[in-house]
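Subject: Structure handover

Hello,

Here is the structure for your files. My notes on what was found in it follow below.

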Amino acid sequence: MYPMAPLIRTALNTTARLAPGTAGRWAFHLFVRPLGRAPVKPGERELLAAARTGTLHVRGKEVVTYAWGDGRRPVLLVHGWSSRASRLGAFAEELLARGYSPVAFDGPGHGESSGKATNIVEYREIIRELHVRHGDFEAVVAHSFGVLASLFALRDGVRTARFVGLGGVGSFDLLMEGFRAGLGLDDRVVRAVRRYVERRLVPGEPGVWDRFGADHAPHELGAPVLLFHDEDDDMVPLAQARFLARAHGERARLVVTRGLGHRRILTDPGVVAAAVEFATAGAVASERVSLR
C-alpha cells in the first residue's frame, strides 16, 4: 500500500524513540494523504456539468463545491477517502427528482480540489461552512470515512433532520490501527501522532482525539440514523456498522446488504431508493428497518 514501507517503518519507529514530536508530524502527514485521485466516471459527467460549482478556502486549500436544485430543502452528500463527490451522484439525481437540493464537495486532495492531503478536522470545517451557506440540512448522506467526519461535524454545531451512512467508519481508532499495522509501526508512533494532532493541529480543543469516534456523545446528533453496510465490504468491516448502530441506540437502524461491497452500494437502485425515501420522508424515521 505504501511505497518503501520498510524504510518508512524503520525511520518512524527510530525517530519516535529519539524525537517523538518529529515522528508524530511525519507520521501524521503520511496518514492524511489519499492514495491517488479518483477520476470522474463517464456516467457522472452529465450530473457534474449541471451543478453550480463554487469554492471554499480551508487551511490554505481551495475546496470545490457542487450544488443542484433551487436551494430549498438542502441535503448534504459527503464522499469517502480517495473518492470524490460525483460518486454519490445516484443519490443527487434521486433527490433532485423529489424536489430537494443536493450539496456536495471534493475534499482537499480529492477530485477537483487542491492540496495533497486532508483530515477529519478539515472535513468538519468544510461541512460547517456549507451549513452556514445553505442552512440546516434536511439530511446528510455520507459514505465510508465521510460517515465518521460528518458525525464529528454534526456533534459540533451542524444540524440535520436525518442521517444516512453507507459503508461507514465508526471508530477513528480503526483507521489509525490500519495505518499502524500496514506499516508495522510501534505504538509510540501512534501516541506521537495523537500528541501532534492535539497540540498542533487543533491546540484550542483539548481531548479532541477522543471526540473523533462516533461513539462519543452520540446523543448530540439528535437525529434518526439509517445505516447500510454490505457483508462483503472489503474496506470497512461490518462490525463498524454494528458499532455505529449500538452507539446511536434506538435512533439507529441498520440494513445489511449482500454482494455490493464497499463501492457498488453507492449505485445499487434498492439502496439508493431506500436511503432517499428515509432522507426525504420524516415518517420513515420512526419505523424500524429490518436487518437481513
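Among contacts in the protein chain between residues at least 6 apart in sequence, what percentage join residues at least 24 apart? The figure is 74%, where a contact means heavy atoms within 4.5 Å.

Some notes on provenance. This is a predicted model, in which local features need pLDDT of at least 70 and side-chain atom pairs count only at pLDDT 80 or more, while totals for chains, interfaces and linings use all residues. Residues are numbered from 1 along each chain as its sequence is written, and side-chain values use heavy atoms, with hydrogens and water left out.

Overall fold

The protein chain has 11 helices and eight strands; these are DSSP runs numbered from the N terminus, with helices being H or I of at least four residues and strands E of at least two. Its C-alpha trace spans about 60 × 40 × 35 Å along the principal axes. The radius of gyration of the protein chain is 19 Å, which agrees with the value near 19 Å for a compact globule of 292 residues. That radius is taken over C-alpha atoms, and the globule rule is 2.2 Å times the number of residues to the power 0.38.

Of the 292 residues, 54% are buried (buried is under 20% relative accessible area, exposed over 50%, partly exposed in between; 1.4 Å probe, protein chains only).

Salt bridges

Side chains of opposite charge can pair when their charged atoms come close. The structure holds 22 salt bridges, each being a side-chain nitrogen of Lys or Arg within 4 Å of a carboxyl oxygen of Asp or Glu.

- R98 and E277 meet in a salt bridge at 2.9 Å, N to O. This pair links distant parts of the chain, 179 residues apart: R98 is in the loop between α4 (89-97) and β4 (101-105), and E277 is in helix α11 (residues 269-280). R98 is partly exposed at 31% relative accessible area, and E277 is partly exposed at 33%.
- D186 pairs with R188, with 3.0 Å between the closest N and O atoms. D186 is partly exposed at 26% relative accessibility, as is R188 at 31%.
- R194 pairs with E198, their closest N and O atoms being 3.6 Å apart. The two are separated by about one helical turn because they lie four residues apart in helix α8 (residues 187-201). R194 is partly exposed, with 29% relative accessibility.

Regards
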